[in-house]
Amino acid sequence: MEQILKYFPNITEEQRTQFAALYDLYTDWNSKINVISRKDIQNLYEHHVLHSLGIAEVLNFKPGSKIMDLGTGGGFPGIPLAILFPECQFHLVDSIGKKVRVASEVAQAIGLKNVTFRHCRAEEEKQKFDFVVSRAVMPLADLLKIIRKNIMKENKNALPNGLICLKGGELEKEKGAVKGIVETTNLSDYFSEEYFETKKVVYVPIPV
């Protein structure tokens, strides 16, 4: 929790309580349904919660924004972002039902009212959103093909509607396969922990 407060000191008491509850909830659920590597659960806040919140360093979603988290797994980045942006609506989608169940149970336990869930493949989701967020579920070009149908025309945020995803490592080949603008932001510019040295936020505007 110290890491969350270090970078997001202005969160409300309710948000602090919600973030603080995540460790015990994920530890408990992870012992039944493996959504985070067993070795990595003690790094929950740095490797999963704070990493998810890296998206907020690139864009401060305006109230009323609709965001889909594609391939959410156990709820990342969707649940941390939903805590941080209570006036936005988040829709968490994953093709693995038991992972969706964990994310749903965690959200319910902390009283998140701005999240919905769906167990389906990305191709099956037809709703429209301002942004799609994701954590390295597939190469950028493949992801863009799938989600183009899900992007709203009207822009309401500081950045045009599109894809914002968390990636690590070498991205030049992936970026080269995408036609159009691809902007990358180094999370090491915002977070001082060693884990973030190779982590990036990738933004691709999607004209509709």
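Analyst: In this predicted model, Phe191 is in contact with Tyr7, Phe8, Leu50, Leu53, Gly54, Glu57 and Phe196, leaving aside its neighbours within four places in sequence. Phe191 itself is found in the loop between β6 (183-186) and β7. With a relative accessible area of 1%, Phe191 is buried, since the cut-off for that class is under 20%. Lys32 lies elsewhere: Phe191 and Lys32 are 159 residues apart in sequence, and their C-alpha atoms are 32 Å apart in space.

Phe196, one of the contacts of Phe191, is also touched by His51. His51 lies in helix α3, which covers residues 44-58. The relative accessible area of His51 is 5%, so this residue is buried. Not counting residues up to four places away in sequence, His51 touches Tyr45, Glu46, Arg135, Leu166, Leu187, Tyr195, Phe196 and Lys199.

Helix α6 (residues 140-147) has its own set of buried residues, namely Leu140, Leu143, Leu144, Ile146 and Ile147. These residues cover an arc of only 165° around the axis, which places them on the same side of α6. As a general point, an α-helix has 3.6 residues a turn, so residues three or four places apart point the same way. The cover over the buried residues of α6 includes the strands β1 (66-70), β4 (131-135), β5 (162-168) and β7 (199-205), together with helix α7 (172-176).

Asp94 is another buried position, at 7% relative accessibility. Asp94 lies in strand β2, residues 89-94. Leaving aside neighbours within four places in sequence, Asp94 is in contact with Gly71, Thr72, Gly73, Lys99, Val100, Arg118, His119 and Cys120.

Pro77 is placed in the loop between β1 and α4 (78-84). The peptide bond joining Phe76 and Pro77 is cis, with omega about 10°. In general, most peptide bonds are trans. Thr12 sits in the loop between α1 (2-7) and α2 (13-32). At a relative accessible area of 42%, Thr12 is partly exposed. The C-alpha atoms of Thr12 and Gly97 are separated by 32 Å, and the two residues are 85 residues apart along the chain.

Now the chain as a whole. The chain has 7 helices and 7 strands, and from the N terminus on they run α-α-α-β-α-β-α-β-β-α-β-α-β-β. A compact globule of 208 residues would have a radius of gyration near 17 Å, and the chain has 16 Å, which agrees. The C-alpha atoms fill a box of roughly 45 × 35 × 30 Å along the principal axes. Buried residues such as Phe191 belong to a class that makes up 51% of the 208 residues. Among contacts with a separation of 6 or more, 70% come from residues 24 or more positions apart.

Conventions:
Residues are numbered from 1 along each chain as its sequence is written. This is a predicted model: local features need pLDDT of at least 70, side-chain atom pairs count only at pLDDT 80 or more; totals for chains, interfaces and linings use all residues. Side-chain values use heavy atoms; hydrogens and water are left out. Helices (H or I, at least four residues) and strands (E, at least two) are DSSP runs, numbered from the N terminus. The radius of gyration is taken over C-alpha atoms; the globule rule is 2.2 Å times the number of residues to the power 0.38. Buried means under 20% relative accessible area, exposed over 50%, partly exposed in between (1.4 Å probe, protein chains only). Contact means heavy atoms within 4.5 Å. The arc is that of the directions from the helix axis to the C-beta atoms.
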